[in-house]
Amino acid sequence: MSAESMSEGGQKRDRGSFENGDGENGGKVEERESKTTRADKEENGLEPGGGGAKVKCGLYMAAKKRPKFQTFVEVANSMGLEMIDLELEGEAEFPTGLQAILHKMTDDIATAETEPGAKHRVSRFDACVQANPQAVIIDPLANVRPLLRREDMMSAMQNVIDAEKLPFKVPKWVKVADAAALDNVESELQKHGMKPPYICKCDEACGVAKAHDMVVVAKVKD
């Protein structure tokens, strides 16, 4: 059902058309608007074939991960974005005028307190953000830090679920503090209403080699 309004002469007409109400001119208006929108996008470099200024996006990925994103970068460039790799190792000047900064800094954030190189890269990244105050950061480091450890991650998810009254819940979990606690871990699990199979992962969610290791315990022997 189309939306209609009354003309001054008392006849109904489509909102997108002129006074004659035949609908033909309305279609032409929409067509002209569509062409104008495409032309604007091309002029600003947001459509293939556009020659205008492109959206500039800074990009930082660790050297070992950067090759995996090459296809993403090529597709982004073809769609009108100018992806600019950020150099965080040395002291080179940062690009300015960035509209966005996309990064994968989790490993560096997790090890910044113990690894000088990581600390330097985090500091350089913060400086780059300050040099581009207009840029959208994906994601702000303050939003990433609470997700470096699984214990904090589970607590954060539970807080959101409780605050928003979401219709799902965080799986039951228990943190084993150290190897000595393994002697009593089964009774601790049962206390929380848990039973096999168990999924075991380390508390560190990134930054260490074992972060993505996982063990499934199908049953506990006597």
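Reader: Which residues of helix 4 are buried?

Author: Happy to start there! This is a predicted model, in which local features need pLDDT of at least 70 and side-chain atom pairs count only at pLDDT 80 or more, while totals for chains, interfaces and linings use all residues. Residues are numbered from 1 along each chain as its sequence is written, and side-chain values use heavy atoms, with hydrogens and water left out. Helices are DSSP runs of H or I with at least four residues, strands are E runs with at least two, and both are numbered from the N terminus. Buried means under 20% relative accessible area, exposed over 50%, and partly exposed in between (1.4 Å probe, protein chains only); in helix 4 the buried residues are Ala118, Arg121, Val122, Arg124, Phe125 and Cys128.

Reader: Within what arc do the buried residues of helix 4 fall?

Author: The arc uses directions from the helix axis to the C-beta atoms. Seen down that axis, the buried residues line one face of helix 4, because they fall within an arc of 165 degrees.

Reader: Is asparagine 132 buried or exposed?

Author: Asparagine 132 sits in the loop between helix 4 (116-131) and strand 6 (136-138). Its relative accessible area is 0%, so asparagine 132 is buried.

Reader: Which residues does asparagine 132 touch, not counting residues up to four places away in sequence?

Author: Contact means heavy atoms within 4.5 Å. By that rule, asparagine 132 touches Pro95, Thr96, Gly97 and Leu98.
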